[in-house]
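Reader: Could you walk me through this model, starting with its helices and then its aromatic rings?

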Amino acid sequence: MAFVSQSQRTPNESYTFASRPRPVGNRSKYREPPSEQTHSNYGNIMYDRRVVRGNTYAQLILPTTAQPELEAQRQQESRRRAIARKRAREQFRPSTPAALQGRKHIDVQTELYLEELSDTIVASDVECQTDAFLDKPATPLFIPAKSGKDVETQIEEGELFDFDKEVQPVLEVLVGKTIEQSLVEVMEEEELACLRAQQRAFEELRNNELAEVLRLQEQERRHSEEKRRRIAQQKEVLKKEKETAEKIAARAYTQQYLADLLPAVVTSLRSHGFFYDPVEKDIENNFFPWLMAEVNNSLEKRYAARELLDSKEI
């Protein structure tokens, strides 16, 4: 069902827009899951997220840190729209109904002309024969055509070249070069000998310096070991001295503490009855109680006799 919108201009050049009313589509009672929701077309631009709100006379300036986020949001929005369009096309595309039970769908040819389909590739052999090649004949030697005139003359012996006279400068150059090369070789040998002598002197000096360096290193190592040993001995001596001083101080403190402690402890123990005379203790614990009991018995008997006598006299 198509809805037609109408737009017209009034005589005073004002633009008006109107659309026919349309019924509200049947919607489900509950919200569809996210995987089944389809892309909805916005009907009111006030709720369209693509509309930028704000003043229309100022340019929207975004900070540099928000530009990558804005670009990422745009890419996500484009991917989301592409997925929604693809899902919508798949939903509206007519599909083949499911096969009945016990049957299955197969691929068939719907072209105008049918052809046989096979996995075997059709191949055919074609042969051809060419004529045999003949051997190429040998290329004849090129002889340029003769041109000009022949002229001859006669030269006697010794007219153009005298060997004894012409060989003298060549011989002088050869002998001079040989002597010069010999002198250069002799100078090179002397220079090499001098370099070897300097190298031997340098090696001897270097060996002496290396020996001196090794001796100094060994001496430094011995000094370091001696220093460490002396330091360890000194630390051990200081440790022993410290322990001895601590022991002496502890012994003096102990003696000083025990000097007053022993009499006080003896006095306290004696006052609490831990130190006593056995005879005195026996008299106090055994004799005095017995004596007091006997005295009480004798006094009771005397009191009883007196009472008896007093009663008789009455």
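Here are a few questions and answers about the model.

Author: A note before we start: this is a predicted model, where local features need pLDDT of at least 70, side-chain atom pairs count only at pLDDT 80 or more, and totals for chains, interfaces and linings use all residues. Residues are numbered from 1 along each chain as its sequence is written, and side-chain values use heavy atoms, leaving out hydrogens and water.

Reader: Where does helix 2 bend by about 30°?

Author: The bend is the angle between axes fitted to the seven residues ending at a residue and the seven starting there. For helix 2, the bend of about 30° is at P169.

Reader: Which residues do ring pairs link into a cluster?

Author: Rings of Phe, Tyr and Trp (its six-membered ring) pair if their centres lie within 6.5 Å; planes under 30 degrees apart are stacked, over 60 edge-to-face, and the rest tilted. F287 and F288 form a tilted pair, 6.0 Å centre to centre with 45° between the planes. F287 and W290 also form a tilted pair, at 6.0 Å and 40°. The cluster is therefore F287, F288 and W290.

Reader: Is W290 buried, partly exposed or exposed?

Author: Buried means under 20% relative accessible area, exposed over 50%, and partly exposed in between (1.4 Å probe, protein chains only). At 48%, W290 counts as partly exposed.

Technical notes
Helices (H or I, at least four residues) and strands (E, at least two) are DSSP runs, numbered from the N terminus.
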